[in-house]
Amino acid sequence: MNPGVVKLQDLQKEIYGQVAEVIDQHERGIKPEDDSHATIFHSLLDSGLPDEEKALKRLGMDGFSLIRAGTESVSSTMSILTYHVLSNPHILRKLRKELETVFPDPAVLPSCAELETLPYLTGVVQEGLRLSYGAGHRLQRIAPNDVLQYKGWAIPPGTSTGMTNFHVHNNPEIFPDPKTFNPERWIENPRLDKYLLSFSKGTRNCVGLNLAYEEFYMSTAGIFRRLAMELFETDDSDVEYQYDNYTPKARLDSKGVRVFVK
Ligand code: HEM
């Protein structure tokens, strides 16, 4: 078996083990020490869901989905966003200035709702998503029974269709000067989100996208307001898309985006 698959199975076993522990504690009436130690699984077990949806098999699979779909995707976007902010001092200055308006005391992080009102921060988050692409390849969709009408084209039932985010996100007619990380383009035209495909679109788009946005707003604000950082031995080749590992990846020998926290 491919050694990578074994690692994946080990991860799955570890997650099932952790979920089993939560179920066991829940059955024995042991509560987490305080609310901050409660997990999504504590809430599911306390809920009115039918028993089969609280079983280890189901919750373990949920845990696996959360970790697989919700960690690398977010960290990859945050790395790319961090790289572009740190390599453009004027963007960093502007972002910090805006953050200080709602975040005067670095010890007190504002709510996500407050952060979402900030236009420049929003532009930074959207540019991070645009240049990290979401999925590297087309996510195919097939209409099994219907003829899809697209402009002058009639696409027969059963045909696989898809778009490549990279080409849309780098289309200069939609995003002029597309290689440039430019938060202002989102202030000038917030409806560009129509063309932001990182989370896909439609009924099977990312179910975690609101959680992901919350993570981006809170982390971007927290990191850039609280820390002074500079890039360490990192350049464009550490963020430019070269390989499709589902999540787009830079050159294979890249050590990733590295920073000094000053
Ligand atoms: C930058 C962050 C993220 C990106 C770019 C992203 C992207 C995507 C995309 C493109 C899909 C559709 C996949 C397909 O068509 O086959 C998807 C689905 C999904 N995502 Fe995300 N995602 C992100 C964060 C998250 C988070 C934080 C979670 C949960 C913790 C999550 C959970 C899921 C799940 C469960 C699905 C499957 C939904 C379904 O099939 O109905 N994602 N995501």
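**Layout and packing**

A: The protein chain is assigned domain 1 (3-70) and domain 2 (72-261); those bounds come from an automatic or database domain assignment. This is a predicted model: local features need pLDDT of at least 70, side-chain atom pairs count only at pLDDT 80 or more, and totals for chains, interfaces and linings use all residues. Residues are numbered from 1 along each chain as its sequence is written, and side-chain values use heavy atoms, with hydrogens and water left out.

Q: What separates the centres of domain 1 and domain 2?

A: 29 Å, taken over C-alpha atoms.

Q: What is the angle between helix 1 and helix 3?

A: Helix 1 (residues 3-27) and helix 3 (residues 56-70) pack at about 125°, with axes 9 Å apart. Axes are lines fitted to C-alpha atoms, for helices over the stretch in contact, and angles run from 0 to 180 degrees between N-to-C directions. Helices are DSSP runs (H or I, at least four residues) and strands are too (E, at least two), numbered from the N terminus.

Q: Which residues make that contact?

A: On helix 1, L8, L11, Q12, I15, Y16, V19, A20 and I23. On helix 3, L56, K57, L59, G60, M61, G63, F64 and I67. Contact means heavy atoms within 4.5 Å.

Q: And by class?

A: The contact of helix 1 with helix 3 has 12 nonpolar, three polar and one charged residues. Ala, Val, Leu, Ile, Met, Phe, Trp, Tyr, Cys and Pro count as nonpolar, Asp, Glu, Lys and Arg as charged, and the others, Gly among them, as polar.

Q: How do helix 4 and helix 7 cross?

A: Helix 4 (residues 72-86) and helix 7 (residues 119-130) cross at roughly 120°, and their axes come within 8 Å. T77, I80, L81 and V85 of helix 4 meet V124, V125, G128 and L129 of helix 7. That contact of helix 4 with helix 7 has six nonpolar, two polar and no charged residues.

Q: New topic. What is the protein donor of the ligand's iron atom?

A: C206, through SG at 2.3 Å, is the only protein donor. Donors are N, O and S atoms within 2.8 Å of the metal (3.2 Å for Na, K and Ca); water is not among the atoms, so sites may look incomplete.

Q: Where is C206?

A: In the loop between helix 9 (184-188) and helix 10 (209-226).

Q: Last one: what is phi at D177?

A: Near 50°, a positive value in a residue other than glycine. D177 is in the loop between helix 8 (165-169) and helix 9. E233 also has a positive phi, near 45°. E233 lies in the loop between strand 5 (229-231) and strand 6 (243-245).
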